[in-house]
Amino acid sequence: MTDARPPRQVARSLPAKKRIALIAHDGKKQELMEWAQRWQTTLSQHQLMGTGTTAARLTKQLGLTVEGLMSGPLGGDQQIGARIAEQRLDVLVFFWDPFAPQPHDPDVKALLRLAALWNVPVACNAASADFLLSSPFLSERYDMSIPDADAWASART
Ligand SMILES: O=C(CO)COP(=O)(O)O
């Protein structure tokens, strides 16, 4: 079995105004709404996006401006994953439901894999999301390391 990994890391800076994705499975949507209401003022200072239904509910119930992508089962998780791979997302808040299998579980796994790979801060429940949103790094530039995609490609060509 091969265990190929990117040979090097490069620097990436997250901007002070973060691009934050908000996602919740149906069984966790109410919990996300309550959490987002508590953090509404903080969230409104950043750029928000979400999967279709989650984004629409955040906008309707809380009045937050949230870019709505496709609904999760229709490809929304993959769209958020693409934003991560393109370095166009800085923080992921994803209340995934540990009790409900999803028709698009492979997409969910793929999204979480990309977040781990690209060193994106992830919160999977209210407590971890509290820690993320209360971090001083949320409102300032944050320097971190990500895999060097060019080194990866040239090592394989
Ligand atoms: O299924 C989801 C994430 O996997 C969420 O999708 P919705 O926000 O469209 O319900």
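Predicted model: local features only at pLDDT ≥ 70, side-chain atom pairs only at ≥ 80, totals over all residues.
View 1. Residues are numbered from 1 along each chain as its sequence is written. In total, 13 residues surround the ligand, and the closest are Thr 51, Thr 53, Thr 54, Ser 71 and Gly 72; a residue is near a molecule if its C-beta atom, placed from the backbone, lies within 6 Å of it. Helix H3 (52-62) and helix H4 (76-85) are the elements that give two or more residues to this shell. The largest share, three residues, comes from H3. Helices (H or I, at least four residues) and strands (E, at least two) are DSSP runs, numbered from the N terminus.

**View 2. Helix H3 has five buried residues to look for: Thr 53, Thr 54, Ala 55, Arg 57 and Leu 58.** Buried means that 20 or more other C-beta atoms lie within 10 Å of a residue's own, exposed means 12 or fewer, and partly exposed is in between, with C-beta atoms placed from the backbone. The buried residues of H3 pack against strand E2 (19-24), helix H1 (29-38), strand E3 (47-50) and strand E4 (66-68); contact means C-beta atoms, placed from the backbone, within 7 Å. After H3 comes Gly 63, with a positive phi near 75°.

**View 3. Helix H4 meets helix H5 (residues 105-117) at an angle of about 15°, with their axes 9 Å apart.** Axes are lines fitted to C-alpha atoms, for helices over the stretch in contact, and angles run from 0 to 180 degrees between N-to-C directions. H4 and H5 are therefore roughly parallel to each other, a label for angles under 35 degrees. On the H4 side you will find Asp 77, Gln 78, Ile 80, Gly 81, Ile 84 and Ala 85, which meet Asp 107, Val 108, Ala 110, Leu 111, Leu 114 and Ala 115 in H5. The residues of this contact divide into eight nonpolar, two polar and two charged.

**View 4. Leu 132 sits in helix H6 (residues 126-133).** Leu 132 counts as partly exposed because it has 19 C-beta neighbours inside 10 Å. Leaving aside neighbours within four places in sequence, Leu 132 is in contact with Val 91, Pro 121, Ala 123 and Leu 138.

How values were computed
Parallel < 35°, antiparallel > 145°, perpendicular 65-115°, else oblique. Contact = placed C-beta atoms within 7 Å. Nonpolar A, V, L, I, M, F, W, Y, C, P; charged D, E, K, R; others polar.
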